Structures are given as structure tokens and as C-alpha cells.
Amino acid sequence: MAKNKRQKVKHYNRSFYSRETRVKRGIGIVVLVAAVLAAAWFAAPHVLDWATHTWYTVVKDRDLEAESASRAEAAASSAAASSAAASQAASEPEPEEEKPLDGKAITGGSWAELDVTTLTDEAAIRAAARQLKQQGADYALVTLKDAAGTVYYASGVAAAAQSITENPVDAANIAAILREEGIIPAAQLAAFTDPVSVYTDRSMGVHYDGNSLWLDNVSAAKGGKAWMNPFAASAVQYVGDLIEEVQGMGYEQVVLTGVQFPNIITRKQDFGASGGKSREGRAAQLTADIAAWQTRFAGSVTLWVSYPDALCTAATDALGTTGTSLGMENLLVTSSTALDADSRAALEQAAADAGVKHVVVHDTAAFR
């Protein structure tokens, strides 16, 4: 009997879904995943808040609402404090910047003299300046050329070549330190009372025979000294060149002393001009010399002419007139003792009548 053979069934790896169905199915899965993620995204903060709140309130037993209120109060207090500080800072005026010292200013303050030979280093200069400041001085008179003809700094002016001291000071450094300490530096220069420079340039001197220098005593051995001649253009130029030199070193105030003729006028003196024989001629020449310096340094130097009080109130051979009448803009009157109120008022009135703009009485005994 023949055996019946079981028929083999063939299996085919075949999808019963069409291609369109598969695409729709994929899109649906993507949309579903996106929806789940979006829901999770929006729900996450709330879930985290709930979990955090539950953790701290149930597990840690803390009052989060009270703590939140406390933090809010602290933040508000800090903001209020910051606002108040800002308001106070805005209401307070900013500190004014310190103005640089005006070296040409005429303040009407006190004058004091410094011994230039002691101003040998920074410490000495600064100590002297601070002492003057404590005493109330506004100006420091620094003698850079005295009536003996000595020049105390290393001048580059040719006619001063034989007049420079053996140990010259650093005049520029002195002026700079005085300024730093709030003191106005004023260079003091002797003008025509100079028995030394005339030997370097004899054209600047008073002669007696057209060639030899006139001395104010019979001989140099007996103390006779030569004089510079106010009529000599070279002498006026020399004084002006010294003013320019010290101005370049920081001295915007310059005080000229010795703007005069010899105290004794004789027939032997040769001034190179006939005007020297009369008081009127001498007064006119000094007025012209002062005017020449004031014109040369207008705007760059505050120029003072200085006389003792005795030369300001009476006409003398040395000036040909009173000291207040020579056309200076600024007059510094020196006195060994303080003038009383009446004397000072009379002096100031005489100067005002003569057209002097500023008069300062300097008590040379002060600040010693």
C-alpha cells in the first residue's frame, strides 16, 4: 500500500502590509514619541517642584514658604540699602581737583626770605618750604644774585661768567620743590648794584674818564666798588637776560633790587649821557629801564621792583625821585620793622597816586 507523502508547506518571508501602510505606521510612531516627550517636558518642572517640596517638607521637615518670604524680605532690604547708598553718593558733591599753583599770581599774602646757601639738597629745601608754609607765607624770596655781585646758580649768561659762586645751587630744583609745597618761588636779583660783572663787560659800568671804572671810594683797596650804569644798554640787557634765565628755571615772579644809581653823585662820574648829571635825568632813565623790562616780560613774568621804605617816601640822588614814582606796576617795599597803620596807608596812597597797581610791604624781620 503506497504511503501518502506529506506535502511540504513553503513559508515565504513576506509582509502583508503595503508600502503606504508602512509609511503611515512610521509617522504615527514618530508623532506618538514626540507627544510623549512634549508631555514629559511640560510636566517635568511640576513633577520636580512636587518632589522637591515633598522632600523638604516631609523628609526634612522645613517650612519652605517661610524661608521664601525671609529671602524675599532680605532681597528687598538689600535693594533698598543699595538705592539709599546710590542716592547718597549722587547727593554728595565730588571732591574738587586740586588746582595747580599759579606762579604768576598776586595774592596779597606774606613774603619770606630763604637763605639760598642753605638750600643745598632736597631735604633742606623741603624743610624750609614747610616751615614757611606753617608760618603762613605765600611767597619765598630766593636771592639768586646779590648786591655783592654774586650769582648763586650756574648762569649761562656771558656777563655773569666771573660772578658765579664756587658752589652754585640747583635753582630749578629749589623752585620745583617750593611749588610742590604750595609756596610761590620768587627769584631776587640785584640789578645795578653789581661791582663784579662790570669787570667782565666794562661797557656796563659807570666810568670816570671814559675808560676807567668809577669806584665809590678812592680805591678798591679801601673798599671802593664799581657800579653798573643804568644808562648803558648792555647793563639793561644783562639784567633782562638774567630775568629770562631764571624764568626758564621756574621762577615766574622776579624781584629786582638795586634799580638805582650810586648813592653819591660826583662830577667825576661819566654815565655816557648828560642826563646823569641831574635828578630828573636819572629818574627818567630808571623809569625807562623799568618800562623796558616790563614790556619784555609782559605776560610771562610777574615783575617786582623793590626798595626800602626810606627810598619810597623821599626823593634821593640814587633814584632822582621817590621810589613810588618810577612807573613800576608792582612795588615790593622792604622794612626792617613793621610799619604802623598811618605810615602804611600813606605809602599805599602815594603808590596809588603814581599809578602803581600792587604794593606789598615786606617786613624783613618776619619769618626768621
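## Basis of the description

The model is predicted: local features need pLDDT of at least 70, side-chain atom pairs count only at pLDDT 80 or more, and totals for chains, interfaces and linings use all residues. Residues are numbered from 1 along each chain as its sequence is written, and side-chain values use heavy atoms, with hydrogens and water left out.

## The chain as a whole

The chain has nine helices and nine strands. Helices (H or I, at least four residues) and strands (E, at least two) are DSSP runs, numbered from the N terminus. Of the 368 residues, 37% count as buried; buried means under 20% relative accessible area, exposed over 50%, and partly exposed in between, with a 1.4 Å probe and protein chains only.

Contact means heavy atoms within 4.5 Å. Among contacts between residues at least 6 apart in sequence, 75% join residues at least 24 apart.

## Paired strands

Two strands pair if DSSP finds at least two bridges between them. Strand β2 (residues 137–145) runs parallel to β5, and six bridges join them; here A140 stands opposite P185 in β5. Strand β5 in turn pairs with β6 in the parallel sense over five bridges, with A186 opposite Q253 in β6. Strand β6 (residues 253–257) also pairs with β7, again in the parallel sense, over four bridges, and V255 stands opposite W304 in β7. Finally, β7 and strand β8 (residues 330–335) run parallel and are joined by four bridges; Y307 stands opposite V333 in β8.

Strand β5 (residues 184–190) is largely enclosed by the rest of the structure, because seven of its seven residues are buried. Residues I184, A186, Q188 and A190 point one way from β5, while P185, A187 and L189 point the other way, and all are buried. Strand β7 (residues 302–308) is mostly covered, with six of its seven residues buried.

## A crossover between strands

Strand β6, helix α7 (residues 279–296) and strand β7 make a right-handed β-α-β unit. A crossover is right-handed if, with the strands pointing away from the viewer, the path from the first strand over the helix to the second runs clockwise.

## Packed helices

Two packed helices are described by the angle between their axes and the distance between the axes. Axes are lines fitted to C-alpha atoms, for helices over the stretch in contact, and angles run from 0 to 180 degrees between N-to-C directions. The axes of helix α3 (residues 122–135) and helix α4 (residues 171–180) come within 9 Å and cross at roughly 40 degrees. That makes α3 oblique to α4, since angles under 35 degrees count as roughly parallel, over 145 as roughly antiparallel, 65 to 115 as roughly perpendicular and the rest as oblique. Residues E122, I125, R126 and A129 in α3 meet N173, I174, I177, L178 and E180 in α4.

The axes of helix α6 (residues 233–247) and α7 come within 11 Å and cross at roughly 35 degrees. On the α6 side, the contact includes V236, Q237 and V239, and on the α7 side it is made by D289, W293 and R296.

## The residue Y139

Y139 is found in strand β2 and is buried, with a relative accessible area of 1%. Not counting residues up to four places away in sequence, Y139 touches several residues, among them W111, I183, I184 and Q253. Y139 and R179 are 40 residues apart in sequence and 10.0 Å apart in space, C-alpha to C-alpha.
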